[in-house]
Amino acid sequence: MEVSDRAAEAYDIGYCVSKAHQRKGYGCEAVKAVCDCLLNTLHTDMLIAGVIEKNMVSLHMLQKLGFSFEGTRTKGFYHPVYGPVDLLYSVLERKEETIYD
């Protein structure tokens, strides 16, 4: 068996920014740094991020960072106020070159 025949290595990433610090670019900067490290330094094959369907800011941020929509997980988790919540999953795969110009 060749080393190239191994299974893909993937990690789920998550993030949360307190209300006082939202919409200032901190989340994007932090997620970008984590993605860069995981993909380009540690050579992870794929990153997966789940976002609540109504969180348009987070969805836009993931798209901006190069994630592509993969699918929806119905009742992805239970929220004490909202009840069962669906998650939209996006994927970012490592390319041979760096992911950021």
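I began with the accessible surface of the protein chain, which comes to about 7,500 Å² by the Shrake-Rupley method with a 1.4 Å probe, and 54% of that surface belongs to carbon and sulfur atoms. I note that this is a predicted model, in which local features need pLDDT of at least 70 and side-chain atom pairs count only at pLDDT 80 or more, while totals for chains, interfaces and linings use all residues. Residues are numbered from 1 along each chain as its sequence is written, and side-chain values use heavy atoms, with hydrogens and water left out.

I then looked up burial, and found that 30% of the 101 residues of the protein chain count as buried (under 20% relative accessible area; exposed is over 50% and partly exposed lies in between, with a 1.4 Å probe and protein chains only).

For the fold, I listed 2 helices and 4 strands, which run β-α-β-α-β-β from the N terminus on; these are DSSP runs, with helices being H or I of at least four residues and strands E of at least two, numbered from the N terminus.

Of its 16 residues, Ile 13, Cys 35, Leu 47 and Phe 67 touch the most other members. Two or more residues each come from α1 (26-41), β2 (46-52), α2 (56-64) and β4 (83-93), and α1 gives the largest share, 5 residues.

I therefore looked at α1 itself, whose 16 residues reach 21 Å from first C-alpha to last, close to the 22 Å expected at 1.5 Å a residue, where the expected span is 1.5 Å times one less than the number of residues. Its buried residues are Gly 27, Cys 28, Val 31, Cys 35, Leu 38, Leu 39 and Asn 40.

Lastly I checked what follows α1, where His 43 has a positive phi, near 60 degrees. Thr 44 is found in the loop between α1 and β2 and is buried, with a relative accessible area of 1%. Leaving aside neighbours within four places in sequence, Thr 44 is in contact (heavy atoms within 4.5 Å) with Glu 9, Ala 10, Tyr 11, Leu 38, Leu 39 and Arg 94.

Note on methods:
Core = buried A, V, L, I, M, F, W, Y, C linked by side-chain atoms within 4.5 Å.
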